[in-house]
Amino acid sequence: MIPSSAPPLPEDVDSLLRTLRLPHIRRAAPEVLATAKAQRWDPAEVLRALLTEERRGRDRSSTAIRRTAAGFPTGKTFAAWREADSSIPAPTQAALRTLEWVHRRENLVVCGPSGTGKTMLLEALGAAVVEAGMRVAWFTLEGLGAIVRRHRVDDTITKVVGRIVRSDLIVVDDIGLLPVSGDAAEGLFRLVDAAYERRSVAISSNLHPAGFDELMPKTLATATVDRLLHHAHLCVTGGDSVRLAQASAGLGVVPLTPTGADDGRPAVPSSARRRG
Ligand SMILES: Nc1ncnc2c1ncn2[C@@H]1O[C@H](COP(=O)(O)OP(=O)(O)OP(=O)(O)O)[C@@H](O)[C@H]1O
Ligand SMILES: [Mg+2]
């Protein structure tokens, strides 16, 4: 339908599109104009097609920027998620995926043993939040501790936390895997307090939040968990580690094949071959 060898735009038009920063119109215009000419489009239709291209292109760019800014750990999404492998009931998974809880500024706490998909679920939900046009900020507890340390010196921590809670969803992943420093505990409290009833916070932990006083000073743990759980959905994961199941089934790696298999010998660095 769209001619493949559309004539280029006149130079002055191309230059105007550059100056006015309309890169997506500039890219699409030659083909849109050629199609419009061939199919005798109404002029308003041409304008609509070009502006739609610009809008779509800008949406794609801003999604990519928000995805990078979120700082997701692996980039996994629901495309790779196997609903049946999660011990979280399917209706709960479906309800979480609607993201209505984010719109309602409610929190999400996912807790359970290692390898049961807590991080992947939060990451896939985070990616969906980004796709829906919202902002996500991803942290580990140690990362929060480092932020507190860095900004305590010049007393800008309140400002920094204020900036973080501009995101629609703030994730703190893997609480309880490592010993919690005083800075990290302070960072978590500051974040949960600043986001309380204003933004969604999602955390993953090997411990139920009721046990957070094993990780941090009791007063701080109580104040943090109180705010965190007031409007929170709690999902408890269970069962075997997906990592262990995949490793046991030989699915954790791609089978090794010797490079240079054509001569039937195992791969040996050329320097070693020379020595041998
Ligand atoms: N439902 C699922 N569908 C697809 N892959 C899954 C699922 N659950 C877990 N995995 C995979 O299993 C591995 C472990 O999952 P994940 O890192 O989310 O576990 P975790 O509960 O956060 O563990 P830990 O407490 O050790 O941090 C990852 O490679 C993840 O992609
Ligand atoms: Mg994890």
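Which residues are closest to ligand 1, and how many surround it? The views below start from that site.

Figure 1. The model is predicted: local features need pLDDT of at least 70, side-chain atom pairs count only at pLDDT 80 or more, and totals for chains, interfaces and linings use all residues. Residues are numbered from 1 along each chain as its sequence is written, while chains are lettered from A and ligands numbered from 1 in the order in which they are written. Ligand 1 is surrounded by 18 residues. The closest are Ser-114, Gly-117, Lys-118, Thr-119 and Val-242. A residue is near a molecule or strand if its C-beta atom, placed from the backbone, lies within 6 Å of it. Two helices, α6 (118-131) and α11 (242-248), each supply at least two residues of this shell. Helices (H or I, at least four residues) and strands (E, at least two) are DSSP runs, numbered from the N terminus. The largest share, three residues, comes from α6. By class, the shell has four nonpolar, eight polar and six charged residues. Here Ala, Val, Leu, Ile, Met, Phe, Trp, Tyr, Cys and Pro count as nonpolar, Asp, Glu, Lys and Arg as charged, and the others, Gly among them, as polar.

Figure 2. α6 has 14 residues. From first C-alpha to last, α6 reaches 20 Å, close to the 20 Å expected at 1.5 Å a residue. The expected span is 1.5 Å times one less than the number of residues. Of the 14 residues of α6, 12 are buried, so the helix is largely enclosed by the rest of the structure. A residue is buried if 20 or more other C-beta atoms lie within 10 Å of its own, exposed if 12 or fewer, and partly exposed in between, with C-beta atoms placed from the backbone. Among the buried residues are Lys-118, Thr-119, Leu-122 and Gly-126. Just after α6, Gly-133 takes a positive phi of about 95°.

**Figure 3. The largest nonpolar core.** This core has 49 residues. A nonpolar core is a set of buried Ala, Val, Leu, Ile, Met, Phe, Trp, Tyr and Cys residues joined through C-beta atoms within 7 Å. Leu-144, Val-171 and Leu-188 have the most contacts inside the core. Two or more residues each come from β1 (107-111), α6, β2 (136-140), α7, β3, α9, β4 and α10. α6 gives the most, with eight residues. Val-171 touches Leu-122, Gly-126, Val-136, Trp-138, Phe-139 and Ala-202, not counting residues up to four places away in sequence. Contact requires C-beta atoms, placed from the backbone, within 7 Å. A second, separate core has five residues, including Ile-25, Ala-29, Val-32 and Leu-50.

**Figure 4. Helix α9 and its packing partners.** α9 (residues 182-195) has 14 residues and reaches 20 Å from its first C-alpha to its last, close to the 20 Å expected at 1.5 Å a residue. The helix is mostly covered, with 10 of its 14 residues buried. The buried residues include Leu-188, Phe-189, Leu-191 and Val-192. They pack against α7 (141-152), α8 (157-164), β3 (169-175), β4 (200-205) and α10 (218-230). Tyr-196 lies in the loop between α9 and β4. Tyr-196 has 17 other C-beta atoms within 10 Å, so the residue is partly exposed. α9 is followed by Glu-197, whose phi is positive, near 60°.

Figure 5. The domain assignment of the protein chain gives domain 1 (11-69) and domain 2 (71-248). Such bounds come from an automatic or database domain assignment. The C-alpha centres of the two domains lie 39 Å apart. Arg-40 lies in the loop between α2 (23-38) and α3 (43-70). Arg-40 has a positive phi of about 50° although it is not a glycine. With 7 C-beta neighbours inside 10 Å, Arg-40 counts as exposed. Leu-99 is found in the loop between α4 (90-97) and α5 (100-103). Its phi is also positive, about 65°, and Leu-99 is not a glycine. Leu-99 is partly exposed, with 18 other C-beta atoms within 10 Å.

Terms used:
Contact = placed C-beta atoms within 7 Å.
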